[in-house]
Amino acid sequence: MRTAATRQHSKKDAVQNKRNRHCIMLCVTLLLSFFFFTTAHAQQRGKATYYSKRATGARTSDGSRLHHDSLTCAHRTYPFGTMLKVTNLSNGKSVVVKVTDRGPFKRGRIIDLSYRAAREIGMLSAGVAMVELQVQKDNIVPLKPEEIKFQPIEFDMAEMPEDNLHPQWEPQNNATEKKSTAKQTATKQQTSKQNPMSKDNEHKKDPHTKTR
């Protein structure tokens, strides 16, 4: 009986070990496939073509309108909005484009560039060029303008008088009022000197005035 029981336990252990091995092999294959998939997508080589100017205004797969001056592209698998650096292997020129469409669907071609992107890497005359694709993880915006730095402006605070009830301009107004009153008195004196008979006439006209 003991031998039969030990045999059953040994069989169960062997089956469990096989299952564990299968699970380990499956995990390893998944990790390797994920690694190769990411590396293949991170850097890809193949033929590139470009849209003609006649395609301007056409609706792309993400819903936007195609324009020949935009830095966009079409790819079969990358998500919309992915920024790709496309390098022409024949001359070393590169450009950063944004995925907005699906394609190309011809064998051997991996990307369709806009007219301007093709002009940037110098493939207009050839029509087809061998390129290398790299994903830009930092999301570089094509032709992003440089940031303008402004110098800080310093403002000087004016000193306020201690007595806020009497501002600084009040003494000047008092001086002007004094000058005006002095001018008025001077003119009155001049007129009295020029007409000395005016006072006598006033005394004669007023009957209540007493003469000494």
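This is a predicted model: local features need pLDDT of at least 70, side-chain atom pairs count only at pLDDT 80 or more; totals for chains, interfaces and linings use all residues.
Residues are numbered from 1 along each chain as its sequence is written, and side-chain values use heavy atoms, with hydrogens and water left out.

Y115 has an aromatic partner, Y50. Y50 is likewise partly exposed, with a relative accessible area of 24%. The ring centres of Y50 and Y115 are 6.2 Å apart and the planes stand at 70 degrees, so the pair is edge-to-face. Rings of Phe, Tyr and Trp (its six-membered ring) pair if their centres lie within 6.5 Å; planes under 30 degrees apart are stacked, over 60 edge-to-face, and the rest tilted. A search of the whole structure finds 1 aromatic pair. This pair links distant parts of the chain, for Y50 belongs to strand β1 (residues 43–50) and Y115 to helix α2 (residues 115–120), 65 residues apart. Helices (H or I, at least four residues) and strands (E, at least two) are DSSP runs, numbered from the N terminus.

Strand β1 also takes part in a barrel, which 6 strands close in the order β1-β5-β2-β4-β3-β6 with mixed pairing. From one strand to the next, the twist averages 45 degrees, taken between N-to-C directions on a scale from 0 to 180 degrees, with axes fitted to C-alpha atoms. Two strands pair if DSSP finds at least two bridges between them.

On one side, 5 bridges join β3 to strand β4 (residues 94–101), and the two run antiparallel. Strand β6 (residues 129–135) is also antiparallel to β3, again through 5 bridges. K85 shows both pairings: K85 stands opposite V96 in β4, and its bridge partner in β6 is Q134. The hairpin of β3 and β4 has 5 residues between the strands, and there G92 takes a positive phi near 80 degrees.

The charged end of R102 sits over the ring of F80, 4.3 Å from the ring centre; the criterion is NZ of Lys or CZ of Arg within 6 Å of the centre and within 35 degrees of the ring normal.

Notes:
Buried means under 20% relative accessible area, exposed over 50%, partly exposed in between (1.4 Å probe, protein chains only).
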